[in-house]
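Me: Got a model to go through with you. Can we take it piece by piece?

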Amino acid sequence: MSDVVDYRPMWQSLGLDLEAHDLLLTAIPQLYADAYLSQQNRPEGMAYLDFVMSEIHGLRIKELQDHKAAGGTVIGTFCLYVPEEIIRALGGVAVGLCAGAEWAYDQVEQVLPRNTCALIKSFMGFKMGKVCPYVESADLIIGETTCDGKKKAYELFGELAPLHVMELPQMKRPQDAALWRGELDRLVIELERVSGRTLTFEALQQATREVNAKRRALQRLNAARAAAPAPISGKDALLAVQVAFYDDVPRFTQMVDKIADELEARVAAGSGVAPADAPRVLVTGSPMSVPNWKVHDLVEKAGGVVVAEELCTGARYYEKLVAEEATTTEGLLDDIAAKYLDINCACFTPNPGRIDDVLRLAREYKADGILHYALQFCAPYQIEATTVERAAREAGIPLLRVDTDYSMEDAGQLGTRVEAFLEMLQG
Ligand code: BJ8
């Protein structure tokens, strides 16, 4: 059915470069087929995510256009700290815009240094190359003062798209919490302006419940991965979180709950996707945006299984929930501010919470080893890798450091290192 729909008029109306976009749409299905469809014994419920991926620039974009036509807004985000609850409560659909593929680097490198991290170059490239229908659908894009690269790139990005930047403090003292709470008020004002609506308690409460339900479904799916054999591959679990950033919230929640049901049945039956003695790996570090499946693919094709991610596209996204007990808008906003500031990103200093999370997740998911993944030129994660490595050593957990980018040039060399690491874990 879906392949007979002609989305080209929609893409054209969004101002996409159709020729370049065609090239992108040829590359992603190939990558997906190689990384995903080649896997054995996948949970049946993954068919939903396969479908979502096959319609990533089609049906979902059409839904966003319909939402806008009905008076709603589309709000783009680049970071986990931007509260989806507030966007939803004001009639917005939040879509994650971080990009995971090299695109239009020739244009990007005219405005950004070559030694900028791949994630930033990619989102600039998707905008400059006019190939991202999500960016082009957005009524507003929300940036944030996290790492220096993003912060400065937003100044240039803001020349190309409507942008609001939230000031995220980089420490977690009471004065930082107060600053952050004020930023939520500024965000409300900006979203009220863009949407033409006024924030109500009922809408914020409902949005909070819906987003919590989405995170709970992901918690269930991921909890099953503590079993041996693992009932789902790391690649599939990673994809579920990547899709959570842009899919319809209630529908996604329902479908992920179905996958979780299936995984719980698999665990009860002792069946899984890898042998029970396959080396179990926890991945931690920089975020992995669609279609960046490189590290998981290398680990799992080498016979290991990724059992958890301490990533923004992993546990950092779904583990913490907003308290639902508040009875006023102000109270709910306080709880939202507290939940988001509690995320442990390497942009914060000091950041002991992340070290605790890595060690706790390694324990909970019975990881044999940790793979620390950082994008090249991502100073926060590359530097914090030293602290994580030290803590892992003290805890007696082997750790492999991988610094890479989105190209496949180093795949052979990385594959060899990953294989040697997995052998060591088995030995
Ligand atoms: S909460 S990790 S999504 S800031 S990879 S652009 S840090 S140089 S993305 Fe992030 Fe929010 Fe933190 Fe998560 Fe900079 Fe590093 Fe590039 Fe990064």
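**Helix α7 and beyond**

Reply: Start with α7: its buried residues are Ala118, Leu119, Ile120, Lys121, Ser122, Phe123, Met124, Gly125, Phe126 and Lys127. Buried means under 20% relative accessible area, exposed over 50% and partly exposed in between, with a 1.4 Å probe and protein chains only. Helices (H or I, at least four residues) and strands (E, at least two) are DSSP runs, numbered from the N terminus.

Me: What kind of model is it, and how are residues numbered?

Reply: This is a predicted model: local features need pLDDT of at least 70, side-chain atom pairs count only at pLDDT 80 or more, and totals for chains, interfaces and linings use all residues. Residues are numbered from 1 along each chain as its sequence is written, and side-chain values use heavy atoms, leaving out hydrogens and water.

Me: Back to α7. Why is it largely enclosed by the rest of the structure?

Reply: Because 10 of its 11 residues, in the run 118-128, are buried.

Me: What do those buried residues pack against?

Reply: They pack against α2 (18-37), α6 (105-108), α8 (133-137), α9 and β7 (369-375). Contact here means heavy atoms within 4.5 Å.

Me: What comes just after α7?

Reply: Lys130, with a positive phi of about 55 degrees.

Me: New topic. How many aromatic pairs are there?

Reply: The whole structure has 14. Rings of Phe, Tyr and Trp (its six-membered ring) pair if their centres lie within 6.5 Å; planes under 30 degrees apart are stacked, over 60 edge-to-face, the rest tilted. Phe78 and Tyr154 have ring centres 5.6 Å apart and planes at 35 degrees, so that pair is tilted.

Me: Which parts does that pair tie together?

Reply: Phe78 sits in the loop between β1 (73-77) and α5 (84-89), and Tyr154 in α9 (residues 148-157), so the pair links parts 76 residues apart in sequence.

Me: Are Phe78 and Tyr154 buried or exposed?

Reply: Both are buried. They also form one aromatic cluster with Phe123 and Phe157.

Me: And the ligand? Which residues come nearest?

Reply: Of the 15 around it, Cys117, Cys147, Cys312, Cys345 and Cys378. A residue counts as near if one of its heavy atoms lies within 4 Å.

Me: Is Cys378 buried or exposed?

Reply: Buried, because its relative accessible area is 12%. Cys79 also counts as buried, at 13%.
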